[in-house]
Amino acid sequence: DLNRRSNLFKSATEVYEQAINCPVGSEVGKIWMEYAHFLEERGRPRTAQKLYLRALVGGVDGDGPSVKDVADQNLLWNEFLRMMQSLRKNPDLTLEDLKSAVENERGAQVDISNTATISTQPEGAANAADSSADNAAEQRPAKRSRWDKKTPEQIETLSAGSIDTAASVLFATSKNMPPEVETLWHARDGGSMPSKPEPALFSASPPKLGDPSGKDLVGIETALRLLEIMTSKTHDGKSLGSVLLELCHACWMMTALKEEEAVKAKEALEKKIANDTEALESNLAARASVAGGAMAAVQHANEQERNQFAMQCAVQREQLLAFSAWEFRKLLYMQQIILSSAKLPCFDGPSVDSSSITAQAKVCSILHSAFYLRARVGEDNHVKMLTKQLESLQKIASAAIKAKPMQQLYPSQLQMQLQQQQLPYQQPPPNFPLPPPMPPQMFQQPQQSQQMTGHYGQ
């Protein structure tokens, strides 16, 4: 069907022939029907007629009909009748008349000029007529050779159903952290308590960037890729950068909601601990008021109960911190999956490496500043600014490529130069002036010192 839409008629014919000659495909009535429609569109009614008869009645060899399913046979008979009514221009022709004409001489061709009789034209002559009709159609002045035609651009069409399906798959993938990623986090923790991933991909407020391109943070190459993505457009002129920034804004909202959830959980725990502490102190005071002579023992018991309660509170706080840390790790995993699907630089699936998370946070800080600025100044003004930044950065990148050091452009020549510099020194050494002779008194001191050393050595 793709070859048919691309006007590759010869290739389409070969594909259809292979399908109807396949032991499995030859039993599918829809294939025969589409092939017959294709032949009708090409102006080859006699070949289409032979095709219907081969599928419904059988070939000249008497091997029986190719299509044996009753529903498919009824479909093909109806299509065969429609074609004959159109060719004969006789809408009163019935299916019984067509079947009776085929039954009269089984295996021959139905005459398109008289549907009540069977054509006895030889098959070779019919094929020659079809070939001449094809040649006449292909030699029209308006037609060009298919080799001169450019391959049509393949445009991916999206529908609401496909988007929902892709979103569901992405959500199911990012919802649960796989065991191997959890194992990596446990290995990173060691014996310590789990902590939140640092740094977070998105901060609460947009960062202050001296350079909107972000080349100071992520380098020229990554900044160029980000600018190209944020300024790119679809085939119909829509901004892809806006879609990406909306996605990043959604990830920022996810972080904000998770932070708010963690704060509320901590406040709820502290409120519960305060209420429990108040109730405990009230009970301990009531117990001490009736202690009488056993006041010392009651106070000791109350102090032990306070210490036990304090330990329970500390355990609850640690459990909450650990739970919150894992929740933020799951959030990081989800954001990494989402942004990796958007093919952002520095994002290549989930990672627990500190250097990778730091690089990803730098990329997200640039995008955070971008979607905040776009919402503030408007899409057109923001795109114009980014386009100028992109042009300026491209000039810097091209200049940097031209000014690359020699060891990057010509490593072999540089190696030869280094080898030449390491050769032995061939020139005679320079004649430095000799120092003046030393006075004789300086030669007598070492002898005295040697004598003294020998005396203490005895």
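This is a predicted model: local features need pLDDT of at least 70, side-chain atom pairs count only at pLDDT 80 or more; totals for chains, interfaces and linings use all residues.
Leaving aside residues up to four places away in sequence, Q336 touches F347, G349, P350, S351, I357 and Q360. Q336 itself sits in helix α13, which spans residues 295-341. With a relative accessibility of 1%, Q336 is buried, because buried means under 20%.

Next, select the cysteines. The structure has 0 disulfides. For C251, the nearest cysteine sulfur belongs to C248, 6.2 Å away, and C251 is in no disulfide. C251 is buried, at 0% relative accessible area.

Move on to C346. This cysteine is also in no disulfide; the nearest cysteine sulfur, that of C364, lies 9.4 Å away. C346 is partly exposed, with 38% relative accessible area.

Now select helix α4 (residues 45-56) together with helix α5 (residues 70-88). Their axes come within 10 Å and cross at roughly 155 degrees. How do α4 and α5 run, roughly parallel or roughly antiparallel to each other? They are roughly antiparallel, because the angle is over 145 degrees. The crossing of α4 past α5 is left-handed.

To see the contact, display the side chains of P45, A48, Q49, Y52, L53, A55 and L56 on α4. Coloured by class, the contact of α4 with α5 shows 11 nonpolar, 2 polar and 2 charged residues.

Definitions and conventions:
Residues are numbered from 1 along each chain as its sequence is written. Side-chain values use heavy atoms; hydrogens and water are left out. Helices (H or I, at least four residues) and strands (E, at least two) are DSSP runs, numbered from the N terminus. Buried means under 20% relative accessible area, exposed over 50%, partly exposed in between (1.4 Å probe, protein chains only). Contact means heavy atoms within 4.5 Å. A disulfide is a pair of cysteine sulfur atoms within 2.5 Å. Axes are lines fitted to C-alpha atoms, for helices over the stretch in contact, and angles run from 0 to 180 degrees between N-to-C directions. Angles under 35 degrees count as roughly parallel, over 145 as roughly antiparallel, 65 to 115 as roughly perpendicular and the rest as oblique. A crossing is left-handed if the near helix is turned anticlockwise from the far one by less than a right angle, and right-handed if clockwise. Ala, Val, Leu, Ile, Met, Phe, Trp, Tyr, Cys and Pro count as nonpolar, Asp, Glu, Lys and Arg as charged, and the others, Gly among them, as polar.
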